[in-house]
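Please look at the sequence and the model shown here, and keep both in view while reading the paragraphs that follow.

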Amino acid sequence: MAFDIEMIKAVYAKYPERIAAARKTVGKPLTLAEKILYAHLWEGNATETYARGKSYVDFAPDRVAMQDATAQMALLQFMQAGKKKVAVPSTVHCDHLILAQKGAKQDLRDSLTASGEVFNFLESVSNKYGIGFWKPGAGIIHQVVIENYAFPGGMMIGTDSHTVNAGGLGMVAIGVGGADAVDVMAGMAWELKFPKLIGVKLTGKMNGWTSAKDVILKVAGILTVKGGTGCIVEYFGEGAKSLSATGKGTICNMGAEIGATTSTFGYDDSMARYLKSTGREDVALLADGIKEHLTGDDEVYSNPESYFDQVIEIDLSTLEPHINGPFTPDRATPVSQIRAEAEKNDWPTKVEWGLIGSCTNSSYEDLARASSIAQQAIDKKLKTKADFGINPGSEQVRFTADRDGLLRIFENLDATIFTNACGPCIGQWARTGADKQEKNTIVHSFNRNFSKRADGNPNTHAFVTSPEMVAAIAISGDLGFNPLTDTLLNEDGVEVKLDPPVGDELPEKGFAVEDNGYQEPALDGSGVEVIVNVDSKRLQLLEPFEPWNGHNITGAKLLIKAFGKCTTDHISMAGPWLRFRGHLDNISDNCLIGAVNAFNEQTNSVKSQLTGEYGPVPATARGYKAAGVPTIVVGDHNYGEGSSREHAAMEPRHLGVKAVLVKSFARIHETNLKKQGMLGLTFANEADYDKVKEDDTINFLDLDQFAPEKPLAIEFVHSDGSKDVILANHSYNDAQIGWFKAGSALNLIKTEQKK
Ligand code: SF4
């Protein structure tokens, strides 16, 4: 089943009536995002206008995708739901658990040895429950999805924050936690707060060194890592049409870095070309048949301020290549200013590595354009000063790029071709010398550059840029190098200049692949046995979380007051910890070890009020849990930004944390907390963050009256006996309060199932 054409036909068959109903109900022209959302209402035709940023709405997504690191927990939960088969087309993709070290072949073999138990588990669960399985080496989830499953006007969810990549083919594709995926796979509605809408008008046409990546690097600079929170970003205008489908995918992909719910583009010729080129001419024909519904209404795009909550305009003709970083993807610097910025901020300008790949930039076009720079280096007698690593996005991309000689060009520059997998993007990179923790610089075409993400070294300054810029900068070995203006000295001592990149959007001879790595599930999986060894260090069957006891939480202690950025990487680190993603107890040993303790500004060092001693966060939490003392976590702004991993919610839950109280949340993480039966709360008054002291005892005063829209009162008793009562806001609706009371959303599903 490469893709489900009957499902797409069924979705499109509903479109005309559903859009007509939505237009009548809303009473004005519709954006594309609204069309897709209203066309996917769980209840059918629209009967009310939903308030953006306020209304919780039930949707019926068309499909689900899961990657190996998050699929383990998602499927462990699905196994508890008591279903025989998934209710919507779903796929599992093995891409995160593959280390980049020696090169594709050896690394893949090593990963099959190291993680074979997990891959076998995922394969057997997929086989049993009717889930398509993409084997290790088949490719990165989002590249595989855009090549095989994404379709204009569709709606999907995925257990990975970069699921949003499928917006490049005109979907509303949203990253979720595994518990949300379980809802949809179990045939239930999926709930989302109706998003606000940001319109980005693209005018002009890109030229020279500018690429699609620079659009989103620029947008990230404007909106910052939280500017898109709760919003769908819709791109439109002549400039949008001039971008390739995979270029659009790049832009949508990094919408995750501005916190956006998702991003999308209207159906156009580039999408039709991509669908045809990837063997889906029938989808393109179907889309052509309803194309007026697969883009925003003309009136919306000619008068965007009246229809979007915020509008940004970017002229592609004058857009400069950008280099974002270090340590955060929204620190945007145009290439012409990067040398000055580096000097001002004391960033190392010697570039050690250039990495091309990740779901953001691993398409055929990306490799083609970057290889054109690599070829120039060879032709102009330049040697790369930095090491070079390439992760193709899928076996189809790799095979085609190999056939067309693109990979050979990189290899001629001594690049290492890694597996078609995430690799360094998720810390699966055995980088020689990283343990010395030396200050250094790398450039990559990925999406995220948080501290320690690629190689575990907190002193690695990682900069995000386009693949062609990665190539140029790696060749020069100089972060300050501006290929638009600067020259390089070749081995003959001659100054040479790199010409702008060129490269086919799609392979001239079409895509080719021998074995794409896909495995169809059994038609009847009832006889398939799923084995989880009780002694396994990697997998552990789940025990349901305890329901709420109906009483106020009292006598709680502060586990940690996190200071500054606290992403899901800080809460549940990736890298070597990925191997425990299927074992809740073992992975809980990384709980919050990257978060900075506001009281001593150290990581993984918090005070236990039981002993008065400072110790690692997980051990301290286990101490409280063993003593029956509840704990809470306090955090700063945009707490839980980054990935969709629900481990960041399940681990504290497992270790006895009852509530997470922060200045603001990233959307997916807030939902994950709710789904796992935790209290995710925000300070009604942000300044109250300062009132929380290290030795506080915390009492909830009115949790027994927990209700939508009603803030909760929490008492902080300080060590000197004084008290502060603060108000905490929350966004729980009635159903979500039900999850809290039941102990988790899954507990509720199981109860429903038994009825
Ligand atoms: Fe993989 Fe990186 Fe993409 Fe996540 S962001 S799916 S780790 S390539």
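How many nonpolar, polar and charged residues does the shell around the ligand have? This is a predicted model, in which local features need pLDDT of at least 70 and side-chain atom pairs count only at pLDDT 80 or more, while totals for chains, interfaces and linings use all residues. Residues are numbered from 1 along each chain as its sequence is written, and side-chain values use heavy atoms, with hydrogens and water left out. The shell has 5 nonpolar, 5 polar and 2 charged residues, where Ala, Val, Leu, Ile, Met, Phe, Trp, Tyr, Cys and Pro count as nonpolar, Asp, Glu, Lys and Arg as charged, and the others, Gly among them, as polar. Among the residues that surround the ligand are His96, His142, Asp160, His162, Cys359 and Arg453. Because domain 1 (5–317) and domain 2 (322–335 + 347–493) both give residues to this shell, the ligand lies between them; the domain bounds come from an automatic or database domain assignment.

Strands are DSSP runs of E with at least two residues, numbered from the N terminus, and two of them pair if DSSP finds at least two bridges between them. β29 pairs in the antiparallel sense with strand β28 (residues 697–700) over 4 bridges, and with strand β30 (residues 723–729), also antiparallel, over 6 bridges. Ile714 in β29 stands opposite Phe700 and opposite Ile726 in β30. β29 and β30 form a hairpin with 5 residues between them, and Gly721 in the turn has a positive phi of about 95°.

Terms used. Near = heavy atom within 4 Å.
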